[in-house]
Amino acid sequence: MGFMFGIGFEIIFALTFLMVFGMFIFIAIRGIGQWNKNNKSPRLTVDATVVAKRSSVSHHNHVGGTDSVGHSTTSTTYYVTFQVESGDRMELCVGGNEYGMLVEGDNGKLTFQGTRYLGFERM
């Protein structure tokens, strides 16, 4: 009975490891694909209005070893939704400084490349 439990545990452990490893590979490939697609996209500057802002906060707890104390980190990702003249909307990830400077209702020139935010010049 103990022998069968050991083999079953090894199989489950191996499958779990392969799933997690596969997810990391998938996410990395998808990120590289998006980066490549952005690099091939033209840089565009269009009239746009800031219509919404949001942020996403992530908390990560790091457990220390037997002799060390764990710690936690927090990161915030900022997003701004712009509406262009055609009525289409696009949500772009922006840095914290840009996020703080932009206000809903601002009109100006949005510069972007694919899904990459490059700047906003208020008019």
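**A look at Gln 113 and the chain around it**

Gln 113 sits in strand β4, which covers residues 107-113. The model is a predicted one, where local features need pLDDT of at least 70, side-chain atom pairs count only at pLDDT 80 or more, and totals for chains, interfaces and linings use all residues. Residues are numbered from 1 along each chain as its sequence is written, and side-chain values use heavy atoms, with hydrogens and water left out.

Gln 113 counts as buried because its relative accessibility is 8% (buried means under 20% relative accessible area, exposed over 50%, partly exposed in between, with a 1.4 Å probe and protein chains only). Leaving aside residues up to four places away in sequence, Gln 113 touches Asn 38, Asn 39, Ser 41, Pro 42, Arg 43 and Leu 118; a contact here means heavy atoms within 4.5 Å.

As for the whole protein chain, there are two helices and five strands, in the order α-β-β-β-α-β-β from the N terminus. These elements are DSSP runs numbered from the N terminus: helices are H or I with at least four residues, strands E with at least two.

The radius of gyration of the protein chain is 22 Å, while a compact globule of 123 residues would come out near 14 Å; the radius is taken over C-alpha atoms, and the globule rule is 2.2 Å times the number of residues to the power 0.38. Along the principal axes, the C-alpha atoms fill a box of roughly 75 × 35 × 20 Å. Of the 123 residues in the protein chain, 16% are buried. Among contacts between residues at least 6 apart in sequence, 48% link residues at least 24 apart.
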